[in-house]
Amino acid sequence: MTTDIRDQAALWMARARDPRFSDWDALTEWLEADPAHNLAYEAAFAGHDLAGALASEQPAAPFADTRVASTWRRSRWIGGGLAGAVAAALVALVGLLTLAARQLPVRASALIWGGWTLVTGLTFSFMSGTVHPY
Amino acid sequence: MIRSSSPAHNIVALPSSRYDGETNGRTDLDMVASGLSAVLIAQRAALLRFLRARGAGEDADDIMQELWLKLDRMEAAGPIADPRAYLFRMADNLMHDRVRATLRRNNREQAWGETGYDPAGHDETPSAERALAARQRLHQVERALATLSARTQSIFRRFRIDGITQSRIAQEEGISLSAVEKHLQRAYRTVAALVDEEEGELPSRSRAP
């Protein structure tokens, strides 16, 4: 498809999308001249559709900005809370292990629980992306 | 063309104009539809020729039938200034819709074949994903148009988004109609190139010489 045909197609598209356009016979003749004309015309028509996206442009963006910021702040707060909980659990585990060094059952249960927590935590940390989306 | 307040007056020399003054229970809407149907009959050969030139092939007759049924179901949105042009526009849009539908179907089948996943099963695509795709499309169009002059961009927006006619834009800008066409031509050339990029030149690769 030559550049020339694309230019012609763009001009026909510009003309034919005007509500006042009436020279459909001339357009028919141009289309008949070469099957490539219709393909270029279709591409220009698809471009016309694509350009319709411009209608969804937001005139101003401050609202969007504040929303993004507040979402970020909230997720940071939640993230902080989660990190704190994990840290507290680790401190408790270490404390339990040192304080109950002599008491075998307590130490054993602490080790089992700690090991299980660690394995679960690692599993969930690394499974992002592999988890079923719904 | 001048819009008159009475639909019947716009459709002169058509069978429906016989009902002027004596409507026999027919509404204006019926008259508009039957007026267009009469034009469709009168312009059948020219419309078929246009449809074939638009790539309808042997489906041209079926598409004419589709056009006829569409007219039958149509609600009159006011008088139609140029019934003939109106029908050609309908035919043009119908062909475009068919091409797009075929393309979507092919893409879907291809995606299904490759991944076993149906991306265009519209209900299955998450709305967030669709919104993201729309935003990306918008940025893509904006980036492409940004390469054009500010005047070309604003004229294209006036035409494509605000729906202002070319003759009105010519008046506003104080330039000739063909100058407006030139601006729009450049813009359409640019957005068409985006489509070519995205779709690998549509089915043209296989059929163009």
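**Entry 1**

I looked up W12(A) and found it buried, because its relative accessibility is 11%; buried means under 20% relative accessible area, exposed over 50%, partly exposed in between (1.4 Å probe, protein chains only). This is a predicted model, in which local features need pLDDT of at least 70 and side-chain atom pairs count only at pLDDT 80 or more, while totals for chains, interfaces and linings use all residues. Residues are numbered from 1 along each chain as its sequence is written, chains are lettered from A and ligands numbered from 1 in the order in which they are written, and side-chain values use heavy atoms, with hydrogens and water left out.

The rule takes rings of Phe, Tyr and Trp (its six-membered ring) with centres within 6.5 Å; planes under 30 degrees apart are stacked, over 60 edge-to-face, and the rest tilted. One of the pairs is W12(A) with F21(A), edge-to-face at 6.3 Å centre to centre and 80 degrees between the planes. F21(A) is also buried, given its relative accessibility of 10%.

W24(A) and F50(B) are edge-to-face as well, because their planes stand at 85 degrees with the centres 5.6 Å apart. This pair joins two chains, since W24(A) lies in helix α2 (residues 24–33) of chain A and F50(B) in helix α3 of chain B. Helices (H or I, at least four residues) and strands (E, at least two) are DSSP runs, numbered from the N terminus. I noted both W24(A) and F50(B) as buried. One aromatic cluster takes in W12(A), F21(A), W24(A), W30(A), F50(B) and F88(B).

**Entry 2: R17(A)**

Where is R17(A) placed in chain A? I found R17(A) in the loop between α1 (3–16) and α2. R17(A) counts as buried because its relative accessibility is 10%. Leaving out residues up to four places away in sequence, I listed what R17(A) touches (heavy atoms within 4.5 Å). In chain A these are W24(A), Y41(A), F45(A) and H48(A). In chain B they are R89(B), D92(B), N93(B), F159(B) and Y188(B).

The side chains of R17(A) and D92(B) are joined by a polar contact of 3.2 Å. A polar contact is a pair of N or O atoms within 3.5 Å; within protein, one must be able to donate a hydrogen and the other to accept it, and residues adjacent in sequence count only if both atoms are side-chain atoms.

**Entry 3: Salt bridges**

How many salt bridges are there over all chains? I counted 15 (a side-chain nitrogen of Lys or Arg within 4 Å of a carboxyl oxygen of Asp or Glu). R6(A) pairs with D196(B), the closest N and O atoms being 2.1 Å apart. That pair joins two chains, because R6(A) lies in helix α1 of chain A and D196(B) in helix α9 of chain B. R6(A) and D196(B) are both buried.

R15(A) forms a salt bridge with E181(B), with 3.4 Å between the closest N and O atoms. This pair also crosses between chains, from helix α1 of chain A to helix α9 of chain B. I have R15(A) as partly exposed at 26% relative accessibility, whereas E181(B) is buried at 15%.

Within chain B, E172(B) bridges to R168(B) at 3.7 Å between the closest N and O atoms. About one helical turn separates E172(B) and R168(B), because they are four residues apart in helix α8. E172(B) is partly exposed at 39%, and R168(B) is partly exposed at 44%. Elsewhere, salt bridges that share partners join R17(A), E42(A), R54(B) and D92(B) into one network.

**Entry 4: The interface of chain B and chain A**

The size of an interface is often given as the accessible area lost when the parts come together. Chain B and chain A bury about 4200 Å² between them (accessible area, 1.4 Å probe, lost on being put together, summed over both). Of this area, 59% is on carbon and sulfur atoms. In chain B, R89(B), Y188(B) and R189(B) lose the most area to chain A, together 15% of what that side buries. The contact takes 44 residues from chain B and 43 residues from chain A.

I counted seven salt bridges between chain B and chain A. R54(B) and E42(A) meet in a salt bridge at 2.9 Å, N to O. I also found 18 residue pairs in polar contact across the interface.

Conventions:
Buried area is the accessible area (1.4 Å probe) that two parts lose on being put together, summed over both.
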